[in-house]
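Look at the structure, then read the points.

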Amino acid sequence: MMAATRDFAAEFLEGLPTAPASRVTAAVKYDGPEETPGDFAELLETFKSAARNAVETAGPGYLAYFPAGGLVSSALGEFLSLLVNRFTGVASMAPDLVAMEDSVIRWLCREFGLPDGAGGVITTGGSLATLAAVVAARESRTPENGTIYVTEHTHLSVAKAARIAGLRADQLRMVPVTEDQRMDADVAEELITADRAAGREPFLIVGTAGSTSTGTIDPLDALAGIAERHGLWFHVDGAYGGGFQLTERGRAKLRGVERADSITIDPHKTMFLAYGTGVLLVRDPATLRTAHTVDATYLQDLQRDPWPPDYCDFGPELTREFRGLRMWLPLHLHGVAAFRHALDQKLDLAEDVHRELSALPEVDVPLKPDLTVNVFRLNGAGDAENRRLLESINATERVFLSSTRLRGDYLLRMCVLSHRTEPSRVTEALAIVRSLVR
Ligand SMILES: *Cc1c(COP(=O)(O)O)cnc(C)c1O
């Protein structure tokens with residue numbers, strides 16, 4: 001089984017540069033398992049053909065949504081971790097493994113300029129991280145008629161978390177954005193003051209560090225000031241942009257993030273790790289514990305010490321695998337500088353894309369990218385024509401782009417983020433766009 005798996009891994013990785021960027025057909029209806037044993041080689045063939053019928057999210061041509069690639073070292077970490085199958089929901093079951101995971105979290109806290117004593121947890125993604133943060137914010141401020149402040153560009157996971165946390169849709173306040181698509185901090189402060197006077201209880205303001213549509217960063221420092229003045233919890237959604245804190249340019253753009261009460265980051269986006277890797281950082285881990293600790297008699301045998309942390313008290317999960325190795329192994333194996341350098345290269349490539357697209361007379365580029373998302377559309381053309389342009393680009397099967405809307409207009413969207421997207425593929429993507437818009 002190991003040899004066949006190893007052969008498949010080699011064949012898959014070697015094929016990535018030439019694999020179609022997207023070629024997806026309707027799903028097969030598979031039979032359930034047989035009573036009798038199957039043959040591993042045959043079962044592997046079924047998996048291989050099913051995995052082929054997919055958008056090539058691991059490949060260099062994936063420029064849609066948020067590409068991550070998925071480092072082989074993080075997949076290996078996952079394999080080793082699941083092989084030993086340790087329980088890390090309560091630290092006393094595997095204290096050194098939990099301490100390894102905690103070392104990664106504390107390193108991230110330092111990168112983000114959070115104070116000593118800050119902590120957090122590795123989740124399965126940004127949505128779960130944000131859910132744990134919203135519940136912690138609600139528990140720490142205990143509002144009766146709480147109100148959350150977001151913008152039209154805030155990720156849907158915040159509204160989802162608020163709904164799961166028991167808030168009504170009208171407890172989410174949409175703050176207008178300025179011309180450059182950032183939360184209007186002045187209006188936010190006016191709204192909070194007026195809402196409080198009207199009997200609402202403002203308790204949480206969410207700043208986005210890299211919006212999903214355009215990668216735009218809210219004025220984090222100004223929002224932190226508002227949160228401080230009005231006693232709100234300040235959450236930063238850095239699911240996409242947070243990883244750029246590892247670069248000098250990113251750090252400058254994310255100024256103010258160090259004042260957050262909680263930060264969502266998605267290493268399965270901006271640290272090139274395999275899907276299923278989100279992180280929540282919190283200024284004060286006690287706020288997470290207060291929100292999520294529930295005791296039960298059948299847990300009475302488990303020793304509960306202050307350190308390493310019992311991750312079951314940090315969010316909704318109890319049983320969890322040793323999730324830390326998928327981050328710990330790549331960071332130690334490649335070294336942090338490799339990540340900083342790769343992210344810097346993505347920022348450079350996105351600048352190239354912006355410059356090249358802006359130079360095309362046929363193309364309108366409405367925003368300068370804060371990070372690595374570029375949006376554009378055909379000048380003087382309608383939505384249908386722009387949708388056809390996206391289809392023609394994707395039909396080349398060399399690159400795969402997605403789309404979004406800004407002020408109602410359909411826009412094509414190109415995000416350079418995968419560690420496998422080298423300069424040559426970006427040059428090719430630009431050549432494809434250039435030839436198709438002419
Ligand atoms: C992707 C994303 C999320 C959600 O994270 P998942 O890992 O998909 O659950 C939240 N916020 C932003 C800005 C995102 O880009």
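**The largest cavity**

The lining of the largest cavity is made up of V121, I122, T123, L128, A132, Y311, F314, G315, P316, E317, R320 and R323. On a 1 Å grid over the protein atoms alone, a cavity is a set of points where a 1.4 Å probe fits but cannot get out, and lining residues have an atom within 4 Å of a point. This is a predicted model: local features need pLDDT of at least 70, side-chain atom pairs count only at pLDDT 80 or more, and totals for chains, interfaces and linings use all residues. Residues are numbered from 1 along each chain as its sequence is written, and side-chain values use heavy atoms, without hydrogens and water.

**More on the cavities**

- The lining contains seven nonpolar, two polar and three charged residues.
- Strand 1 gives the largest share of this lining, three residues. Strands are DSSP runs of E, at least two residues, and helices are runs of H or I, at least four, both numbered from the N terminus.
- The largest cavity holds about 90 Å³ of space. This volume is the space filled by probe spheres set on the points, which are joined across faces, edges and corners.

**Around the ligand**

- Among the 14 residues around the ligand, G126, S127, D237, D266 and K269 come nearest. Here a residue counts as near if one of its heavy atoms lies within 4 Å.
- An N or O atom in the D237 side chain is 2.6 Å from a nitrogen atom of the ligand.
- For H268, an N or O atom of the side chain is 2.8 Å from a ligand oxygen atom.

Definitions and conventions:
A polar contact is a pair of N or O atoms within 3.5 Å; within protein, one must be able to donate a hydrogen and the other to accept it, and residues adjacent in sequence count only if both atoms are side-chain atoms. On a 1 Å grid over the protein atoms alone, a cavity is a set of points where a 1.4 Å probe fits but cannot get out, and a pocket is an open set with protein on both sides within 12 Å along at least five of seven lines; lining residues have an atom within 4 Å of a point. Ala, Val, Leu, Ile, Met, Phe, Trp, Tyr, Cys and Pro count as nonpolar, Asp, Glu, Lys and Arg as charged, and the others, Gly among them, as polar.
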